[in-house]
Amino acid sequence: MPLTIQGVDMYLVERGSGSPTLFLHGAPDSAEMWNGVIEQLKDSYHCFAPDLPGFGRSPAPADFKCSLDNIARFIDELIEGATIPTPLNLVVADFGATYGLSWAITYPQKVRRIAITGGSNFSSRYRWHGAARLLRTPLLGELGMSMVTLASQEKMMRQYAPLVSPEYVRASYALSLAKPQTRRMMIKLYRSINPKDFVGKEDRLRELTAHVPTLVLWGDIAPFITPEYAEQFGNAHVEHFPQNGHWLAVEAPEMVAQRLRAFFA
């Protein structure tokens with residue numbers, strides 16, 4: 001059945017049976033980043049993984065709002081529209097964590113457990129990395145994004161995420177950054193969300209982790225978000241992976257699935 005949320009024609013992966021579990025990817029990625037993890041969990045968990053607005057196969061209208069309040073509302077409307085039972089397990093990474101954690105603190109009664117894999121900048125203390133600062137700058141950001149090619153993306157991933165396979169990098173590029181809609185959404189996300197927006201919300205997240213079990217799996221080799229940010233999630237259980245990076249679920253899906261299975265059980 002077609003599913004349209006806030007003008008976004010949603011692409012949604014649904015696999016398996018059991019406890020409902022929602023996976024939210026980062027940028028620039030798609031639901032495909034969770035394939036290896038879901039393959040390991042589908043026998044015990046009812047897994048849902050959307051392409052978020054403007055990414056992959058979910059084209060977004062030009063006026064889609066990326067404020068923290070609206071993306072929280074968007075996830076809730078997606079859950080209702082797709083009739084995903086709650087409370088659910090929430091698994092997030094990167095900008096998927098911005099979406100998912102904004103939703104979790106707004107609708108805490110709908111969350112069973114939370115897992116953050118790879119990294120999240122859900123913090124008022126966060127300072128943008130160099131590429132993000134470029135994207136946030138008018139004109140320079142558009143120019144920089146227009147110069148991204150498959151070759152430049154492959155070079156960047158070899159440098160910062162060498163454990164991600166070349167096949168995944170090429171497939172991910174074709175599904176995301178090769179499309180003008182994804183490039184526009186990347187710029188919009190980076191410019192719509194500011195560290196000051198998390199003031200108050202990060203306190204609510206720490207309160208939430210006091211009674212909702214939360215797991216943080218953090219790849220320490222990441223130029224975008226340093227390992228110290230893994231410790232910001234209140235009462236969360238944190239595990240660091242010194243050999244892994246920002247794309248932890250892609251680099252080590254079996255390990256991530258093993259940790260999630262034990263945590264959800």
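## Helix pairs: what to look for

An axis here is a line fitted to the C-alpha atoms of a helix over the stretch in contact, and angles between N-to-C directions run from 0 to 180 degrees. Two packed helices are described by the angle between their axes and the distance between the axes. Keep in mind that this is a predicted model.

## Helices α6 and α7

Let's start with α6, residues 150-160, and α7, residues 166-175: they pack at an angle of about 135 degrees, and their axes are 10 Å apart. That angle makes α6 oblique to α7. As for handedness, the α6 and α7 crossing is right-handed.

So who touches whom? On the α6 side you'll find Leu150, Gln153, Glu154 and Met157, and they meet Val169, Arg170 and Tyr173 of α7. Sorted by class, this contact has four nonpolar residues, one polar and two charged.

## Helices α3 and α9

Now look at α3 (residues 95-106) and α9 (residues 201-209), whose axes cross at roughly 70 degrees and come within 9 Å. Because 65 to 115 degrees counts as roughly perpendicular, α3 is roughly perpendicular to α9.

In this pair, α3 brings Leu101, Ala104, Ile105 and Thr106 to the contact, while α9 brings Lys201, Arg204, Leu205 and Leu208. The class count for α3 with α9 is five nonpolar, one polar and two charged residues.

## A word on cysteines

How many disulfides are there? The count comes to zero, with a disulfide taken as a pair of cysteine sulfur atoms within 2.5 Å. Cys47 is buried, with a relative accessible area of 0%. Cys66 is buried too, at 3%.

Key: Residues numbered from 1 in each chain as written. Predicted model: local features only at pLDDT ≥ 70, side-chain atom pairs only at ≥ 80, totals over all residues. Heavy atoms only, no water. Helix = DSSP H or I, 4+ residues; strand = E, 2+ residues; numbered from the N terminus. Parallel < 35°, antiparallel > 145°, perpendicular 65-115°, else oblique. Left-handed = near helix turned anticlockwise from the far one by under 90°. Contact = heavy atoms within 4.5 Å. Nonpolar A, V, L, I, M, F, W, Y, C, P; charged D, E, K, R; others polar. Buried < 20%, exposed > 50% of the residue type's maximum accessible area, 1.4 Å probe, protein only.
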